[in-house]
Amino acid sequence: MSNLPPEENSLSGAGNVPERDNSQQKLHQLLAGLWEKSRKTVAAHVETLQQAKELAAKNELDEPARTRAIDAAHKLAGVLGTFGLPRGTELAREAEEAFRQAGPIGPAAAERLNSGLNELDRLIQAAVTYPASAPKSGIPS
């Protein structure tokens with residue numbers, strides 16, 4: 001997840017390893033704090049998507065609700081990758097695309113949307129802290 005710049009002098013050897021480890025630890029602590037501050041906003045975006053999904057299932061998804069869902073999904077797609085949850089980004093993009101489709105959401109698309117949003121909700125609920133050391137699945141250990 002870390003995109004730290006390379007050491008200024010790569011010939012300096014292992015002498016900078018503790019300093020680099022300390023910098024990475026500080027970065028991860030900073031991101032952990034940002035994740036904790038962002039959790040409520042992230043959860044609110046997921047709730048917006050869940051509400052839009054329910055409206056779509058009843059064929060009551062109006063344009064303002066659709067626009068809110070697209071906006072929430074787009075924001076989630078951006079922020080979740082930043083916090084080391086690439087699967088969350090994928091799921092949010094899928095939701096964004098589903099809500100961007102003109103007209104009612106068909107049964108197959110509705111089932112994919114429901115499944116994806118349930119997985120997204122579980123993924124975010126499982127991310128108790130910044131998942132810097134999360135396995136590639138995106139679900140923190």
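Predicted model: local features only at pLDDT ≥ 70, side-chain atom pairs only at ≥ 80, totals over all residues.
Residues are numbered from 1 along each chain as its sequence is written, and side-chain values use heavy atoms, with hydrogens and water left out.

**Chain and confidence**

The average pLDDT of the protein chain is 81, and 77% of the residues score at least 70. The chain has 4 helices and 0 strands, in the order α-α-α-α from the N terminus. Helices (H or I, at least four residues) and strands (E, at least two) are DSSP runs, numbered from the N terminus. Among these elements, the lowest mean pLDDT, 87, belongs to helix H1 (residues 17-57), and the highest, 96, to helix H3 (residues 86-100).

Of the 141 residues in the protein chain, 31% are buried. Buried means under 20% relative accessible area, exposed over 50%, and partly exposed in between, with a 1.4 Å probe and protein chains only. Of the contacts between residues at least 6 apart in sequence, 65% join residues at least 24 apart.

**Packing of H3 and H4**

Two packed helices are described by the angle between their axes and the distance between the axes. For H3 and helix H4 (residues 107-126), the angle is about 145° and the axes are 9 Å apart. Axes are lines fitted to C-alpha atoms, for helices over the stretch in contact, and angles run from 0 to 180 degrees between N-to-C directions. The crossing of H3 and H4 is left-handed, that is, the near helix is turned anticlockwise from the far one by less than a right angle.

On the H3 side, the contact includes Arg-87, Leu-91 and Phe-99. On the H4 side, Leu-113, Glu-119 and Leu-123 are among the residues involved. By class, this contact has 8 nonpolar, 2 polar and 2 charged residues. Ala, Val, Leu, Ile, Met, Phe, Trp, Tyr, Cys and Pro count as nonpolar, Asp, Glu, Lys and Arg as charged, and the others, Gly among them, as polar.

**Individual residues**

| Residue | Relative accessible area | Class |
|---|---|---|
| Arg-66 | 9% | buried |
| His-45 | 16% | buried |
| Gln-51 | 43% | partly exposed |
| Asn-59 | 60% | exposed |

Arg-66 lies in helix H2 (residues 63-82). Not counting residues up to four places away in sequence, Arg-66 touches Leu-61, Phe-99, Gln-101 and Gly-103. A polar atom of the Arg-66 side chain lies 2.9 Å from the backbone oxygen of Gln-101.

His-45 and Gln-51 are placed in helix H1. With the same exclusion of residues up to four places away in sequence, His-45 touches Ala-72, Lys-75 and Leu-76. The C-alpha atom of Gln-51 is separated by 8.6 Å from that of Ala-65, 14 residues apart along the chain.

Asn-59 lies in the loop between H1 and H2. Its phi is near 60°, a positive value in a residue other than glycine.

Methods. pLDDT = per-residue confidence, 0-100. Contact = heavy atoms within 4.5 Å. Polar contact = N/O pair within 3.5 Å; in protein donor to acceptor, adjacent residues only side chain to side chain.
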